[in-house]
Amino acid sequence: MAKIVIEGGHRISGTVRIGGAKNAVLPILAASLLASDGASYIDDVPSLLDVEHMLQTIEALGCDVQNGLGSIRIDATHVNSYEPPHDLVRQMRASFVVAGPLLTRVGEAVIALPGGCNIGPRPVDLHIKGLEAMGAEARIENGCVHFRAPKGGLHGTRIYLDIPSVGATQNIMMAACLAQGQTIIENAAKEPENVDLANYLNAMGARVRGAGTDTIRIEGVDAMHGANHNVIPDRIEAGTFLIAGAIAGNGVYVENALSQHLSSLLAKLEEAGAIIEDDVRGIRVYPVQSGRMRALDVKTHYHPAYPTDMQAQMVAALCTAVGTSTITETVFENRFMHVAELQRMGAEIHIEGRTAIIEGIHRLSGAEVTSTDLRAGAALVIAGLVADGVTTVGGLHHIDRGYDNLVGKFQALGANIRRIEEAVEVC
Ligand SMILES: CC(=O)N[C@H]1[C@@H](OP(=O)(O)OP(=O)(O)OC[C@H]2O[C@@H](n3ccc(=O)[nH]c3=O)[C@H](O)[C@@H]2O)O[C@H](CO)[C@@H](O)[C@@H]1O
Ligand SMILES: C=C(OP(=O)(O)O)C(=O)O
């Protein structure tokens, strides 16, 4: 089993470059299924396990995929299946977003139901309701959702989302691109990744307006074509390095980070005493001058509020803040699994309902800990950077889903960190 080993106490400094956003590239790869004419060229694609799974998924549906370093060519002229391999879909929730493009392009989709995961139950009822409102039939059988479009295809309609779900907004937006007439999504998710998806769809010939606001209007078109697209920088990867720089840094420049995507985090880091400077190429963070962050009250919510995907990393940083902090998780029901692991490092945290109450202590101590999900893994690495002694982080498949070369990037900043692939003993 692979592990990351960190010797704490080495300050990090220098420049780290942020890659393309996982949560943008995944729906963008799925959206490529909509192009019946010409290839798409997607650039700034990070090297991630989730990207590999999405590429295998669209390849299994008939796309011709050529994967260069960070650049991917996809030809979706001959989509010849509407049932992505169930094991691939189950491995990655984001693969459910192939439903909308498949349904509108080939009139049918059979998608394995993704289960809950370590951050809580993650239903897809809003995806299904939205596609049904556009005329699709949906029935659940043998662990899969079978979608079928009516004769003549999906039709536009007005859809109000009970929750501004990122994935449901993507699925409906993509399905609407080739539907008859206008679709209006109200209470839509406003995340920057959805704006990036809309920009790609428009480059492919779709007519999507209002992405990034809570009302998105999509006028259906007859056909779409391949397009060129550069994926936006990953704001969660950027945020992870900014938080690390704020507690373990000596001046870290996060190149390619976009401050307009990170305002809630930057405001919180400044409130905690960190110094933030941003320019056109990125964001620089200096640690709190007194050495320890001030305590904070943070509440996660939908964009542009503080992102749930940056909650675990902030919990880790606040373990050594001065005073008592609170972090309330409102997006997912059970996203505090990292707390038990941080407690193994000496953190004083207790959970009351959806709130973690963190009593800041002077030092964490290194321990053997395990990532329970992607951001939990990043949080444990951050904690290890400032802990006394050695921290060993397991469960790396979670980290590999969403961080491209996390260890190499921290090494380049001067952290004492390495990855070991432990040999399996053969009798
Ligand atoms: C690949 C990707 O982009 N993943 C992101 C996406 O996940 P994802 O798209 O799965 O998250 P959603 O925005 O859909 O989920 C938000 C909330 O809505 C609930 N819900 C969602 C759909 C549904 O049909 N019914 C329902 O009840 C979920 O359980 C959750 O409590 O947005 C999350 C919220 O910012 C991020 O944490 C994930 O990193
Ligand atoms: C929760 C996350 O991703 P996913 O929705 O792919 O599980 C995340 O990126 O933190």
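## Contact between α11 and α12

From α11, M337, H338, E341 and L342 meet A376, A379, L380 and A383 of α12, contact being defined by C-beta atoms, placed from the backbone, within 7 Å. The residues of this contact comprise six nonpolar, one polar and one charged. Nonpolar here covers Ala, Val, Leu, Ile, Met, Phe, Trp, Tyr, Cys and Pro, charged covers Asp, Glu, Lys and Arg, and polar the others, Gly among them.

The model is predicted: local features need pLDDT of at least 70 and side-chain atom pairs count only at pLDDT 80 or more, while totals for chains, interfaces and linings use all residues. Residues are numbered from 1 along each chain as its sequence is written, and chains are lettered from A and ligands numbered from 1 in the order in which they are written.

## Geometry of the pair

Helix α11 (residues 337-344) and helix α12 (residues 374-386) pack at about 20°, their axes 10 Å apart. Helices are DSSP runs (H or I, at least four residues), numbered from the N terminus. Axes are lines fitted to C-alpha atoms over the stretch in contact, with angles from 0 to 180 degrees between N-to-C directions. The two helices α11 and α12 are therefore roughly parallel, a term for angles under 35 degrees.

## Surroundings of A312

A312 belongs to helix α10 (residues 311-318). With 34 C-beta neighbours inside 10 Å, A312 counts as buried, the cut-off being 20 or more other C-beta atoms within 10 Å. Beyond its neighbours within four places in sequence, A312 contacts H338, R375, A376, A378 and A379. A312 and A376 are separated by 64 residues in sequence and by 5.5 Å, C-alpha to C-alpha, in space.

Terms used
Angles under 35 degrees count as roughly parallel, over 145 as roughly antiparallel, 65 to 115 as roughly perpendicular and the rest as oblique. Two residues are in contact if their C-beta atoms, placed from the backbone, lie within 7 Å. A residue is buried if 20 or more other C-beta atoms lie within 10 Å of its own, exposed if 12 or fewer, and partly exposed in between; C-beta atoms are placed from the backbone.
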